[in-house]
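The following exercises concern a predicted model. Each task is followed by a solution in steps.

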Amino acid sequence: MMPDYSDIRAEVAKLCQQFPGEYWRAKDKDRAYPIEFVKALGEAGYLAALIPEEFGGAGLPLSAAAAILEEMQAQGCNGGACHAQMYVMGTVLRHGSEAQKAEFLPRVATGELRLQAFGVTEPTSGTDTLSLKTTAKRDGDHYVINGQKIWTSRAEHSDLMILLARTTPKEEVSSRTDGLSVFIVNMKEAIGNGLTIRPIETMMNHATTEIFFDNMRVPAANLIGEEGKGFRYILSGMNAERLLIAAECIGDAKWFIKKASDYAKERVLFGRPIGQNQGVQFPIARAYAQMRAAELLVHEGIRKYEAGEPCGEEANMAKMLAAEASWAAGEACIQTHGGFGFAAEYDVERKFRETRLYQVAPISTNMILSFVAEHVLGLPRSY
Ligand SMILES: Cc1cc2nc3c(=O)[nH]c(=O)nc-3n(C[C@H](O)[C@H](O)[C@H](O)COP(=O)(O)OP(=O)(O)OC[C@H]3O[C@@H](n4cnc5c(N)ncnc54)[C@H](O)[C@@H]3O)c2cc1C
């Protein structure tokens, strides 16, 4: 059984209560970054939950990080602004040299360095990561980067970026997963020196961007691990990311279910609360059942992850089911509220827009189903 971390949850809830609906609505309206919220979480140490104590973090297990993110969402906040500060550092922690870990992790732990930009997706290759086109060519003690990334979230609010680029042309590699390398980029130095960031306006307030590299120079010392093995390093962090995003979706679902149930009890029409009608109760009850089932799978995935067991199946399915559960809960919540579900002041439409993302990013549902079909059920690879 996963610990319930009731103490941590209570503390997170207390912090989140300083950032009520009005705060998020104002940020949403201005498409502004929730800097005060991120600062408060950082100062309380939550964003350093997964960094080992020897590097100044809290050294907590994945289950604790999941509880923190779930609670944030359940309180109506949006962790999308900063969740990556928690886990993007995992690439450095798992595959970086001792020197890189000592250089970056303690300052990421204090929040002095924001490492929350993750440059993998490109406009032409999308989900087909192995076809990405950004190149990194060795030139003396530097690599020279050219190309483009898209959906690089929080790039304007990050000091460092984990970047995946091709160091050996696709035609020249012996294994199809070779030839890509991971770099840690100092964004503040790079902006204006080969790095351009352009924000993308989206349906929710997500601070996402596209970024362009024009002969951007990265010190060779910032190559993580071995040249050409970067795809594996990126893959190795995916299970943790999926489980954490799944936990956020569970939090969203809990928020929607509570909001819908409360409203259904209060709103009186035809002489009785609308929640007395089965037509109103059942979608909420169904969403609750869906959420609980997904939550069990999130816990099982985390249990296996923490036991060092393979957990790709559970992490992928948990992410898919949790994202679907949060969407079902959002749908029930908006329907329960009738017209008021569309009014910004109820926060329902904002959360509805925000939670929709997780059926697409960080990986879309079809790719999860393909994973299950191929790797769990042994069906032929479809792409
Ligand atoms: C707000 C936002 C933030 C993001 N943040 C980041 C970030 O910080 N860093 C980063 O690197 N990326 C980020 N992403 C990118 C995200 O991971 C991708 O959008 C996602 O993986 C899907 O890729 P795509 O958009 O290129 O869609 P495509 O790959 O073009 O796919 C389009 C559709 O086709 C389906 N599809 C494609 N191939 C197949 C197939 N073989 N079989 C069945 N269906 C298929 C997909 O499932 C999808 O539904 C973000 C995206 C968004 C929208």
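**Exercise 1.** Determine which helix gives the most to the shell around the ligand, and describe that shell by class and by domain.

*Solution.*
Step 1. Helix α14 gives the most to the shell, with 3 residues.
Step 2. Two elements, β1 (115-119) and α14 (365-376), each supply at least two residues of the shell.
Step 3. In total, 22 residues surround the ligand, and V120, G126, T127, W151 and Y383 are the closest.
Step 4. Sorted by class, the shell has 10 nonpolar and 12 polar residues, and no charged ones.
Step 5. Domain 2 (115-229) and domain 3 (235-376) each provide at least three residues of the shell.

**Exercise 2.** Characterise the side of domain 1 that touches domain 3.

*Solution.*
Step 1. The protein is divided into domain 1 (6-110), domain 2 (115-229) and domain 3 (235-376).
Step 2. The centres of domain 1 and domain 3, taken over C-alpha atoms, are separated by 21 Å.
Step 3. In domain 1, 24 residues are in contact with 22 residues of domain 3.
Step 4. On the domain 1 side, α2 (21-30), α4, α5 (83-87) and α6 (90-95) each supply at least two residues.
Step 5. Among these helices, α4 gives the most, with 10 residues.
Step 6. By class, this side has 9 nonpolar, 10 polar and 5 charged residues.

**Exercise 3.** Is helix α4 mostly covered or uncovered, and what is its span?

*Solution.*
Step 1. Of the 13 residues of α4, 13 are buried, and the helix is thus mostly covered.
Step 2. Helix α4 (residues 62-74) reaches 18 Å from its first C-alpha to its last, close to the 18 Å expected at 1.5 Å a residue.
Step 3. Just after α4, G76 takes a positive phi of about 95 degrees.

How values were computed:
Residues numbered from 1 in each chain as written. Predicted model: local features only at pLDDT ≥ 70, side-chain atom pairs only at ≥ 80, totals over all residues. Helix = DSSP H or I, 4+ residues; strand = E, 2+ residues; numbered from the N terminus. Expected span 1.5 Å × (residues − 1). Buried ≥ 20, exposed ≤ 12 C-beta atoms within 10 Å, placed from the backbone. Near = placed C-beta within 6 Å. Nonpolar A, V, L, I, M, F, W, Y, C, P; charged D, E, K, R; others polar. Domains from an automatic or database assignment. Contact = placed C-beta atoms within 7 Å.
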